[in-house]
Amino acid sequence: MSDENQPENIDARLKGIESAIKGNMSLSSVPLLMEAIKSHPDHPQVNYLLALSYYKNRNLEKAMAYILRAVELKEEDDDYLTLLAKLLLENNRSAEAGEKAAAAFAINPENWEAALILAKMAFNQNSPSKALALVEQVLKHNPRSFDGQRLKTKIYIQQEEPLEKILQSIEDSEKFGYDDDIAYDKVYAYYIHNKFGECRNIYKDLLRTRPLANSTQKVGKLIESMQSRRQARKIPHNALFDLETVGTAPKKPKVTLEESLNELKQLIGLDGVKDAINRIVKLVEYDKKRAYMLSIENSEQPSYHFAFYGNPGTGKTTVARILGNIFYSLGILETGQLVEVDRSDLVGGYVGQTAQKTKAVIESAMGGVLFIDEAYSLVSGDSDSTDYGSEAIDILIKAMEDYRNDFIVILAGYDTGMKQLLKSNPGLSSRINMQIYFDDFSDLELLEIAKGQAKDNYYTLTEEAEKAFMIKINQEKVLPHFANARAVRNIMETAMRERAFRLSDQPITKEDLLIMEPLDFGINPDQLFGDDIDDLMAQLHHLVGLQDVKKQVSSILNYVRAEKRREELGHQMNDLSLHMVFTGNPGTGKTTIARLISQILKSIGILKRGHMVEVTRDDLVGQYVGQTGPKTLEKIKEAYGGVLFIDEAYSLFSSSESDFGYEAISTLIKEMEDNRDKLVVIMAGYPGEMEQMLSMNSGLRSRIAYTIDFPDYNSEELTEIFLEAAKKQGFSLTEEAKEKVNQLFRQYYDRRDSQFGNARTARSLFEQTKLEQSNRLAVNEDDDLFTILPEDIVAY
């Protein structure tokens, strides 16, 4: 036995690895632990540390597998039980998590992490006294626990403790970290103690320093709720914070046209939107000048009702607010306020309620702008007579005509939904005389938005962090209905929280507090720019057999890499289509190769996510008319950014024209053409059947760029697959056993047919061999547990 395998040496190494993991080096610890588990598969601490590493890297599935093994090996370890409780909570199995945390706390009353889990659960179950007692235990053993300090604050707020006590608790929390709810908790503390002036001051400061933060929005909603309650008592708007203003009407701050247009100009991107609005302003000013110079008296001014088309986060609401200010400055609107609503604000649940709600909303928008988000949701997709959305539309149309000089309506939503809405209702369409399209932001514009948000929070992105952000945002961009600036905000706020968590327990410099790095975005800087491609290509070439397949795949990937390099030098990349057909019998490595291709294409920068979605006919084809198209499209969208692997793809075709598989193929062909930059489709199956499928549909064949044939493994390759499986599990074969394995595979290979299982046959034989060996060991207990003899290998 080597020194490394001595128990005291492995334990000493594990202590060092554990320190590294707890020092935020969990990613680099995984390779060391994977080596350790090969020689010590039943060592509980190795399994625990692997689980802890994967948990910190958010690979929860692997973390769960290893912690279950660790607990199985050592049931009474409180650290193991605590980590298991955390993972159970991640899976929404709170009852089991509570049991494990309670068991850990019983074993070790100083285990503050277990106490924290129990405290949070008690708080969520509305047991503040129990939660507070547990939190006191947490802080007794770890006074620097940020989560413990924050939970203590929330308990104080729930119990409405004295203001000074709550504020002191918040101050204590801020010594050890920061989260988005701290500002909200501070405002709420003042609110429950009727200190409305302080609420206002904090909110103003948040609007200045963190306008896009979730906490600012939450505080804003809290203040709106205060205003709603006060307005219900018919107290003027400003009286919420200043009793001296009672009796004065709310006034909109004066905004000049120049200021509004400058605010519009300062928005990132949106060139087409800016041009459209500037044209409207020029038109209004021209009409005014013409009327004055020609002494024309207009009894009616033109109406201005808009349709805004675009994905979420493209600035539609912001532009609507600025538009209200512009029209106020031009004298078209009396007040220019923005009233933002959606279907729930307009449509009621019973007869008569919709009319009340819609009329009340219209009344509140008089003199300003009524902005209806996702306006197409007012039209029901079916003939449900209980849906009152059409009633809201009818009332809205009448108001848009009767009061066209008194307010402006903006209908907003996705391009397709908005077009369908206006097409389905000519009365509504005829009253919309302005249509503005909001394009998605470009990569550079999204980066500018991110840098602006970082600056607002006193951060600067390093050059590497900018590239890490672009990786994250491009992963988001392939998803349906990409949320643009909202996606940027979510990514940045997550990154800022992650930086706070990472650095909270480390010595930090002033520079650390001012910069953001790739790790804050969950990106390993060593793998920022496809540095793992060599490892992936090595995995490809180390696969058993498949020499021609490897050569063809390598050629395809080399071509793609060359195209990508030319693009990086400023040359336009050719329009790549990488859809493929894999032909071959079962078990020839088609799925494995497809998964590697997806990962390699991500590493090159062609695919944004690099995952693979594996489907069969059952996943795509429905049971009745109208079900197949949406079902197929759902799976395709799930594969955006990666590979859609369709096994036994030929089963989508049938001799019957009424078979729903044709609908799946039609949907697939359209997506393969329209979104070839978002995914790669790989269809797999038997050679003859796949050729027949392609011959039946020229549209499908024309979209297949590459066909790769996977030959059957020969007997030597099958033997190698068997031996690798044995080695991976710690088994060894005698020479006689190896020869018997090879002899069996020669027999299997010589009599193979189209159903031959290839690698699956090798794995099945290995599993059968382990079973036979187990039967032998039951009789001869002194035999070596990991040696396979010829008599263990039996043909099946």
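**Entry 1: Tyr 309 and its strand**

I looked up Tyr 309 in this predicted model and found it opposite Gly 413 in strand 4. I then checked how the two strands run: strand 1 (residues 306-310) and strand 4 (residues 408-413) pair in the parallel sense, over four bridges.

Next I traced the sheet around them. It is open, has five strands in the order 2-3-4-1-5, and its pairing is parallel. Which strands are at the edges? I noted strand 2 (338-341) and strand 5 (434-438), each of which pairs on one side only. From one strand to the next, I get an average twist of 20°.

**Entry 2: helices on this sheet**

I asked which strands helix 16 (residues 316-329) touches. My list reads strand 1, strand 2, strand 3 (369-373), strand 4 and strand 5. The direction of helix 16 makes about 155° with that of strand 1.

I also looked at helix 18 (residues 353-365), which lies across strand 2 and strand 3. Against strand 3, I have helix 18 running at about 135°.

I turned to an open sheet of five strands with the order 9-10-11-8-12, where the pairing is parallel. For its edges I wrote down strand 9 (612-615) and strand 12 (706-710), each pairing on one side only. The twist here averages 20° from one strand to the next.

Within this sheet I followed strand 10 (residues 643-647) and strand 11 (residues 680-685), which pair in the parallel sense over five bridges. What stands opposite Asp 647 in strand 11? I found Ala 684 there.

I then placed helix 30 (residues 661-674), which lies across strand 10 and strand 11. The angle I noted for helix 30 is about 140° to strand 11.

**Entry 3: nonpolar cores**

I kept a general point in mind: in soluble globular proteins, nonpolar side chains tend to be buried together. The largest nonpolar core has 69 residues. I asked which of them touch the most other members, and the answer is Tyr 48, Leu 49, Ile 67 and Leu 83. Helix 7 (residues 112-124) gives the most to this core, contributing nine residues.

I took Leu 83 for a closer look and set aside its neighbours within four places in sequence. What remained in contact with Leu 83 was Tyr 48, Ala 51, Leu 52, Tyr 55 and Ile 67. Apart from this core I logged another, of 52 residues, among them Leu 578, Ile 593, Val 741 and Ile 793.

Technical notes
Residues are numbered from 1 along each chain as its sequence is written. This is a predicted model: local features need pLDDT of at least 70, side-chain atom pairs count only at pLDDT 80 or more; totals for chains, interfaces and linings use all residues. Side-chain values use heavy atoms; hydrogens and water are left out. A nonpolar core is a set of buried Ala, Val, Leu, Ile, Met, Phe, Trp, Tyr and Cys residues joined through side-chain atoms within 4.5 Å. Buried means under 20% relative accessible area, exposed over 50%, partly exposed in between (1.4 Å probe, protein chains only). Contact means heavy atoms within 4.5 Å. Two strands pair if DSSP finds at least two bridges between them. Axes are lines fitted to C-alpha atoms, for helices over the stretch in contact, and angles run from 0 to 180 degrees between N-to-C directions.
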